[in-house]
Amino acid sequence: MSAARREMTNDGGQKTFLTSSASLVLLAILLAFALRVYHLAAHGLWYDEAFSSWIVAKDWAGILEFARAPKLEHPPTYYFLLHAWQIFAGDSEFALRFFSVGFSVLCVALLFAFTRRWFGTTLARWTIFVAALSPFLIVYAQEARMYTLVLCVCLVALDQFLRWLAGDQRAWRWYLLFTLLSLTIHYYAALLLVVENIFWLLSVRALPSASRRRSVTPWMAWNALLIALSASVIVLAPGPRETLALVFAHPLFAGRSAEELQRVMVDLLIGGVVIRPLALADVLWSTLLLVVVVVGAFVLPRLVEPARARLIWLMLLVPPVVAAAVPMIYAARYLFLLVPALIICSAAVLQWLFARRVLFAAVLAVMLLAMGYALNWNYQFAKSDYREMAAIITRDARAGDGLVLAGVSQWPLAFYYLRGWSQTYIPQNPEAAELSDIDADMRSMQQTHPRVWLVNEQSWVVDPADNAMRWLSLNAYPITRQWFRSSNAVSLYLSGNAFPTTRKWDAQFGEWLLLEQSALSSTDVSAGDALAVRLRWHALKKIPQPMQLLVTLRVLDAQGNSVQERVSKPCDGFCAIDDWLVGDSTEDHNALLVPNAAAVGEYTLRLEVYAPRQGQSLPIKSAQGDLGASLELARIHVQRANGQ
């Protein structure tokens with residue numbers, strides 16, 4: 001009779017235990033499902049998820065070819081399965097992520113079954129609740145990627161491996177099947193093979209000589225088969241071949257910084273810091289959880305057979321060390337094999353301390369607080385603002401508008417959220433470091449479209465100087481801009497090539513600026529349309545570096561009420577005023593969007609320059625005397641909105 005079955009017959013009989021165990025498992029699985037489905041579509045897809053959507057939009061042959069050809073890409077099985085799921089469930093954010101939710105919940109159940117079989121029912125009961133609350137499993141359950149799927153397959157493969165070692169020869173074929181399946185989902189599943197090889201070497205020495213011989217032959221044949229299959233993939237697939245070449249192009253253990261290791265630790269224990277900056281609380285809470293794991297690793301041999309505790313130690317130590325040796329991406333999500341070991345060690349502490357009520361309550365409180373902190377952060381944090389940025393364009397765009405995407409790195413997100421748009425990527429490479437490099441493409445957009453949208457999404461990767469935004473600010477007419485996290489922004493520009501209404505001025509703003517000229521795209525504008533305003537400033541005096549000046553344009557109705565205003569730095573912030581030389585003249589481009597709700601009638605366009613450090617607008621003087629704090633540039637007539 002197995003240890004698990006013996007335990008089931010104790011304390012009231014098998015039926016009573018099964019009933020309570022089934023209730024416990026059901027409660028934990030329901031909790032796991034609720035935590036994983038909560039807020040599932042609250043945030044938009046980020047780059048990796050949008051990339052998954054782009055791949056699974058291909059047909060079966062296209063997915064296979066993609067997995068075969070590019071370097072640094074994952075195997076195809078996850079994409080095949082997600083493609084089939086997408087046919088049934090659709091490609092909404094909720095549907096794409098729900099596929100991962102299912103495998104994350106399954107992972108909780110599999111981890112319970114695995115722990116009960118090999119470590120005992122008591123530890124399994126603690127394990128299932130720790131797994132249900134695991135921030136890592138919850139975070140990656142809410143991501144349209146392969147990490148929860150590959151973890152499930154690896155758990156089944158490991159279970160079948162241990163069954164085979166225990167003498168169940170039928171388990172061998174299932175072990176082979178699920179191991180090969182795991183390698184077709186994520187290449188880092190090979191870390192499980194390293195753990196198993198070391199564990200097999202440590203275990204086989206304790207076997208009788210006859211059993212040892214029976215074990216050695218299939219194991220050596222299995223490793224030879226893996227080597228042959230890997231060689232075949234490398235020969236037939238250029239992507240994995242180029243990836244392998246990159247691995248051997250750098251020395252082992254190259255470039256592993258303390259910050260990188262710390263980020264991996266935090267992400268494994270509280271999850272969700274793949275792109276956001278680390279906070280002190282992240283480090284503190286993850287350190288406390290790490291202490292719990294370390295204590296659990298030490299007490300585990302007191303609770304289970306030492307040989308099985310040794311397996312958990314190997315799962316804790318081997319993957320991070322081996323992965324750190326390879327000069328490739330070092331990320332917590334690639335070290336998914338650690339997660340079951342982390343959970344089992346944490347559960348071991350709870351089992352060990354359960355009789356010590358005070359210590360148990362303290363450790364449980366620390367774990368729950370840490371997990372609560374992690375979940376609160378992860379539910380709130382959005383890895384990407386692209387959905388919100390695309391919604392602005394979808395809501396406000398007009399027929400004939402052009403769309404410029406600053407840098408090609410955002411193409412998967414644009415594919416998902418801006419389908420149907422003609423998309424132009426400017427610049428297309430990080431070598432486009434000067435305005436002259438993008439001038440021809442930008443002028444073509446300006447001449448083709450009356451209005452141009454610009455999406456900056458992590459443009460620091462390919463456009464660190466913000467040349468796309470700079471060019472449009474200096475050559476077109478900025479209407480609106482909305483900023484998001486990490487300097488992401490959506491901007492709208494009026495092309496404004498013709499200016500029939502021009503007026504010369506001799507108006508002095510404070511002691512620094514002289515307005516020489518103003519030009520308007522028109523004095524007749526429809527509600528909902530934009531009015532372009534070009535100003536020419538003349539520097540009268542060197543403007544000190546701490547000085548800030550804000551150009552304010554207001555549209556006032558007959559009662560003097562403001563119906564629209566635009567406040568910006570000169571040249572939209574792209575011509576620093578402290579660089580202006582005395583005698584210089586600089587063009588300043590602006591545009592105001594007249595609200596759709598503006599009534600038909602006469603309005604006044606007024607200009608003022610505000611100095612925030614002084615807390616006041618600059619006084620305006622001309623040959624006619626003092627003009628106060630604002631200057632009337634023109635009278636404009638607002639017509640009925642187009643289509644009304």
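This is a predicted model: local features need pLDDT of at least 70, side-chain atom pairs count only at pLDDT 80 or more; totals for chains, interfaces and linings use all residues.
## A hairpin to start from

Strand 6 (residues 501–509) pairs with strand 7 in the antiparallel sense over seven bridges; strands here are DSSP runs of type E with at least two residues, helices are H or I runs of at least four, and both are numbered from the N terminus. Two strands count as paired if DSSP finds at least two bridges between them. Across this pair, T502 has A519 of strand 7 as its bridge partner. The hairpin of strand 6 and strand 7 has three residues between the strands, and G510 takes a positive phi near 60° there.

Strand 7 (residues 513–520) has six of its eight residues buried, so the rest of the structure largely encloses it. Buried means under 20% relative accessible area, with exposed over 50% and partly exposed in between (1.4 Å probe, protein chains only).

Residues are numbered from 1 along each chain as its sequence is written, and side-chain values use heavy atoms, leaving out hydrogens and water.

The predictor's confidence in each residue, pLDDT, runs from 0 to 100. Its mean over the protein chain is 88, and 93% of the residues reach 70 or more.

Seven bridges join strand 7 to strand 9, running antiparallel, and A519 stands opposite R534 in strand 9. Strand 9 (residues 530–539) then pairs with strand 12 in the antiparallel sense over nine bridges, where R534 has H589 as its bridge partner.

Helix 6 (residues 93–119) passes helix 17 in a right-handed crossing, meaning that the near helix is turned clockwise from the far one by less than a right angle. The contact (heavy atoms within 4.5 Å) is made by L111, F114, T115 and F119 of helix 6 with P340, I343 and I344 of helix 17.
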